[in-house]
Amino acid sequence: ELFRFSGQEATGVQQLVDHIFSHSKILQHSFAKSILIYEHSACVCIPEKFYSAETATAYLQLMAGDDIHSDIDTKVYKNIAIVSSSPADVIKAWNKKINIDEHVHKYLTLIKQQMNGGNETTLYCIFYTSYFILSAYKNNQLLIIRHFDYSVPEDVLYHILNTCRQLDID
């Protein structure tokens, strides 16, 4: 199930969680383990050898601006540090309904699914209503994973072609 809300609808996190919980067919069942996967653009992937906890906030501010007012969450997978602002208010609201065993940024789940060990160059695009997530790999190395907003199809084409040009992907 996918629930999406506009900025106008997202006035209170607890109210949104209550709405989702009351309308979800999946959440009417109990589970042995629950993982909260969140997605927002305030996330950056850094080679683990260049990552330090002391500079994590600066990395996010560089990529997302000064609007980092939450905890910083870092997960490491295959020598990639996935650093994101952790939505503490969302996690707290969900924990009132069900026990959240783990919370992760969407980029981590995508990287785990997409890094397949191959040596080819691969480009992935995951589309949503007004944005998409583009990721590219070469020789099983992550080149980029990024959230792009779009209004018209030409925006998507521009971002894909520009990324391929910058990364020298044919």
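Q: Is D168 exposed or buried, and at what relative accessibility?
A: The general idea is a scale of relative accessible area: buried means under 20%, exposed over 50%, and partly exposed in between, with a 1.4 Å probe and protein chains only. At 58% relative accessibility, D168 counts as exposed. This is a predicted model, in which local features need pLDDT of at least 70 and side-chain atom pairs count only at pLDDT 80 or more, while totals for chains, interfaces and linings use all residues. Residues are numbered from 1 along each chain as its sequence is written, and side-chain values use heavy atoms, with hydrogens and water left out.

Q: Where does D168 lie, and what is its phi?
A: Helices (H or I, at least four residues) and strands (E, at least two) are DSSP runs, numbered from the N terminus. D168 is placed in the segment after α5. Its phi is near 55°, a positive value in a residue other than glycine.

Q: Which loop holds N139, and what is its phi?
A: N139 sits in the loop between β7 and β8. N139 is not a glycine, yet its phi is positive, at about 55°. With a relative accessible area of 45%, N139 is partly exposed.

Q: Where is H147, and is it buried or exposed?
A: H147 belongs to strand β8 (residues 141-149). Its relative accessibility is 15%, so H147 counts as buried.

Q: Which side chains make polar contacts with the side chain of H147?
A: A polar contact is a pair of N or O atoms within 3.5 Å; within protein, one must be able to donate a hydrogen and the other to accept it, and residues adjacent in sequence count only if both atoms are side-chain atoms. The side chain of H147 has such a contact with the side chain of D149, at 3.1 Å. Another polar contact, of 3.1 Å, joins the side chains of H147 and E39.

Q: Which residues does H147 touch, leaving aside those up to four places away in sequence?
A: Contact means heavy atoms within 4.5 Å. On that basis H147 touches E39, S41, Y107, Y131, F132 and I133.

Q: How many aromatic pairs are there, and how is such a pair described?
A: A pair of aromatic rings is described by the distance of the centres and the angle of the planes. Rings of Phe, Tyr and Trp (its six-membered ring) pair if their centres lie within 6.5 Å; planes under 30 degrees apart count as stacked, over 60 as edge-to-face and the rest as tilted. By this rule the count is 6 aromatic pairs. One of them, F132 with F148, is stacked, at 5.4 Å centre to centre and 25° between the planes. This pair links distant parts of the chain, with F132 in strand β7 (residues 131-138) and F148 in strand β8, 16 residues apart. F132 and F148 are buried.

Q: What geometry does the pair of F132 and Y150 have, and which parts does it tie together?
A: F132 and Y150 form a tilted pair, 6.1 Å centre to centre with 55° between the planes. F132 lies in strand β7 and Y150 in the loop between β8 and α5 (153-166), so the pair ties together parts 18 residues apart in sequence. Both F132 and Y150 are buried.

Q: Which residues do ring pairs link into a cluster?
A: The cluster linked by ring pairs holds F127, F132, F148 and Y150.
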